[in-house]
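Keep the structure open as you read.

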Amino acid sequence: MSDTASFATRSLAWKVRHSAWLLAVALGVGSFSCIGFIYCAVRVRSTAWKRRAFVTTAFSLLGLVLLLTPVELMQEVGAGYAAVLWLVLIGYGLFVNRDYLRWRSAQEPVPPIAAPQVPAAPVAPSPMPVAVPQDDVPTRAVSVPAEQVPALERDAPQIEAVPDEQAGPAVSSWQQAEALAAWHMQKLGFEDAKMTPPGADGGLDVRATDAVAQVKHYATPIGAPVIQQLRGAAHGRGAALFYSLSGYTKAAVEYANDAAVALFTYNESGDVQSCNHAAQVLHDRAGGDDAFDPAEFENQAQIVAVLQQYFDVMNAKFIEVAELALAAANGDNQSPIYRAVAAESARVKAILRSLQVDGGRVSSDRLIEASSAIGDAVVRLAEDLERV
């Protein structure tokens, strides 16, 4: 459960109890109403709340100066100013209180109802294909038994297809969660952030030159020991970031604050929220909420799904043409068409093997490159077949 979802499940009594800071705004009668905003700024420690505290303090001090001026006319003006400011700050406090409650909720995650006692076991990984550089494609014709050609279809790597808007959420698996974290880190300024191969690099899921991250697509809040493990694995690697579907325990948040680990939560719509000061600093430095649009991540995932389909079509087409060419060779492994099948099969197999490099992670451009290379092999083999 993300901090946004957690906040939505809070009771009215909880919201009233944690809105007590508004009493300081109301009892401050204008001149001292800034105390409530200063309290929130000290607790939350975000740039936005510091700015609010500074502005409200400036206006409150102005009213106090007018009231303390020995000139009677100025005192009357100050009294009117303080009354108006009092009403304005109460209204403004009510307006921004939702931000404070959302932050407060993130510090005390609500455990999911009927959640399992252990983290949900992730499904088996589904690697994303990686294209092979053209220089690595074998060009020498080799003898490949005919029965090996149909096996190419089974070797074709798959990525997990991202459902469309009607089919389900944008983030429904741990693979998609890691992809979301990598995209979010790039938006935060870690431009070379990418997913790591499964099981590699000490449990780190996303890595950049000056930052690392761990992602947990679990149904229960993350505890302090897991954050401690990330802090240890991130030693000497720059910033440490953590992404959780279900929030964090109070002990985990306290440890992360002391260890400068940035805590984020995400939901199935791809919305990422900051949960502590370190995360808020990164968020504000990147430009605030305007810099992050979950729809952009979902659109990119849709594009990758379409490219995967294109890749599958090219691979299936190669199998079809290769089988026709082998039938035309009629078992003669010295015939030109058989040697053509062997040569193109070697090229395609080299591409498929290379797609497993780096855990099968891939960019859209490289996926297009792989599909195009297989498509070229289909065209060349079809032309050879026509000459038989």
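This is a predicted model: local features need pLDDT of at least 70, side-chain atom pairs count only at pLDDT 80 or more; totals for chains, interfaces and linings use all residues.

A residue is called buried when its relative accessible area is under 20%, exposed when that area is over 50%, and partly exposed in between, using a 1.4 Å probe and protein chains only. Glu191 has a relative accessible area of 70%, so Glu191 is exposed. You'll find Glu191 in the loop between α8 (174-188) and β1 (194-195).

Residues are numbered from 1 along each chain as its sequence is written, and side-chain values use heavy atoms, with hydrogens and water left out.

Now the overall build. The protein has 14 helices and six strands; these are DSSP runs numbered from the N terminus, H or I of at least four residues for helices and E of at least two for strands. Of its 388 residues, 47% count as buried. The accessible surface comes to about 19,000 Å², and carbon and sulfur atoms own 59% of that. Those areas come from the Shrake-Rupley method with a 1.4 Å probe, and for residues only the protein chains shown count as cover. As for contacts (heavy atoms within 4.5 Å), take those with a separation of 6 or more: 71% of them are between residues 24 or more positions apart.

Val71, Leu73, Met74 and Val77 make a nonpolar patch of about 340 Å². Patches are built from residues with over 30% relative accessible area and no salt bridge; like charges are joined within 9 Å, and nonpolar side chains (Val, Leu, Ile, Met, Phe, Trp, Tyr) within 5 Å. One of the four, Leu73, sits in helix α6 (residues 72-107), and Leu73 counts as exposed because its relative accessibility is 57%.

Next, a pair of helices. How do α9 and α10 lie relative to each other? The axes of α9 (residues 224-233) and α10 (residues 250-259) come within 8 Å and cross at roughly 25 degrees, so the two helices are roughly parallel. From the α9 side, Ala224, Ile227, Gln228 and Arg231 make the contact, and they meet Ala251, Ala252, Tyr255, Ala256 and Ala259 of α10. The axes are lines fitted to C-alpha atoms, for helices over the stretch in contact, with angles running from 0 to 180 degrees between N-to-C directions. Angles under 35 degrees count as roughly parallel, over 145 as roughly antiparallel, 65 to 115 as roughly perpendicular, and the rest as oblique.

Most residues other than glycine have a negative phi. Ala260, in the loop between α10 and β5 (261-266), has a positive phi of about 60 degrees although it is not a glycine. Asn330 is another non-glycine with a positive phi, about 55 degrees, and it lies in the loop between α12 (294-329) and α13 (336-354). Asn330 counts as exposed because its relative accessibility is 68%.

Helix α12 also holds Gln308, which is buried because its relative accessible area is 4%. The C-alpha atoms of Gln308 and Ser371 are 8.8 Å apart, although 63 residues separate them along the chain.

Finally, the salt bridges. A salt bridge here is a side-chain nitrogen of Lys or Arg within 4 Å of a carboxyl oxygen of Asp or Glu, and by this rule there are five. Glu320 pairs with Lys317, the closest N and O atoms being 3.3 Å apart; both lie in α12, three residues apart, about one turn of the helix. Glu344 and Arg380 also meet in a salt bridge, at 3.0 Å from N to O. Glu344 is buried because its relative accessibility is 4%, whereas Arg380, at 33%, is partly exposed. Asp384 and Arg387 form another bridge, 2.3 Å from N to O. Through salt bridges that share partners, Glu344, Arg347 and Arg380 are joined into one network.
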